[in-house]
Amino acid sequence: MRSLSLFAGLLVLAAPVALHAQPVPAAAPASAASVPAPATPPAAREIVQQRLPDGSVIFTDRPQPGAKTERSWATTPEDPAAAETRRAASQRESAAVSERIGRQIEQQRERDKEVDIARAKLAQADAEREAARARAEADAPTPVVVIRHRPVRPRPPPSVRPPETRPPERPGPKVPPRPGATPPPGTLVEH
């Protein structure tokens, strides 16, 4: 985590300068008179990480007196012409990407419009088909169902029968008594 904050501090301080010099393609001069004199390479800058007496850490290109230098990095400033060339190329690329995205959005809108039109036509065709079916049902004669009627024959009234008379039942089953046993009271004993 500490190294990440150190690196972020370096990036903030070194924003106007590149950490690595990048070669710039040289253009073919039109004539020898138009060739500019070779520029002297810019001087390297040194970025230092210092700890102040209160314990805080700073990144600077101007060392503070009384602070302990913990690390240092040497950077080479970027060539202004190369930076301008890169900036112009980046702007051209950004414009091309924006144009491509704009075309894709417009194509998507056209496709969406075509889909909406197709859906509207389909809904209209469904409505027309439903209206035609409703007209056909309204124009069709009402079906008549004929059910043949059979005359109902009257049933004769149920005959009334006199109730059956049954002899009275005797209570209890007939079980022969055991030899030598006396029958319970109220039982009939045959002799």
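These questions and answers cover strand pairing and an aromatic pair in a predicted model.

Student: How many aromatic pairs does a search of the whole structure find, and which residues form a pair?
Tutor: The search covers the whole structure and returns 1 aromatic pair. Its members are Phe59 and Trp73.

Student: Is the pair of Phe59 and Trp73 stacked, tilted or edge-to-face?
Tutor: The ring centres lie 6.1 Å apart, and the planes make 35 degrees. Stacked needs under 30 degrees and edge-to-face over 60.

Student: Which strands does the pair link?
Tutor: Phe59 and Trp73 are 14 residues apart, in distant parts of the chain. Phe59 lies in residues 57-60 and Trp73 in residues 68-75. The strands are β2 and β3.

Student: Phe59: buried or exposed?
Tutor: Its relative accessible area is 17%. Buried means under 20%, so Phe59 is buried.

Student: What is the class of Trp73 by relative accessible area?
Tutor: Trp73 has a value of 24%.

Student: Which residues stand opposite Gln50 in β3 and β2?
Tutor: Strand β1 (residues 45-51) runs antiparallel to β3, with 7 bridges. β1 also runs antiparallel to β2, with 4 bridges. In β3, Gln50 faces Thr69. In β2, its bridge partner is Ile58.

Student: Which residue in the turn between β1 and β2 has a positive phi?
Tutor: β1 and β2 form a hairpin, with 5 residues between them. A phi of about 100 degrees occurs in the turn, at Gly55.

Key. Residues are numbered from 1 along each chain as its sequence is written. This is a predicted model: local features need pLDDT of at least 70, side-chain atom pairs count only at pLDDT 80 or more; totals for chains, interfaces and linings use all residues. Side-chain values use heavy atoms; hydrogens and water are left out. Rings of Phe, Tyr and Trp (its six-membered ring) pair if their centres lie within 6.5 Å; planes under 30 degrees apart count as stacked, over 60 as edge-to-face and the rest as tilted. Helices (H or I, at least four residues) and strands (E, at least two) are DSSP runs, numbered from the N terminus. Buried means under 20% relative accessible area, exposed over 50%, partly exposed in between (1.4 Å probe, protein chains only). Two strands pair if DSSP finds at least two bridges between them.
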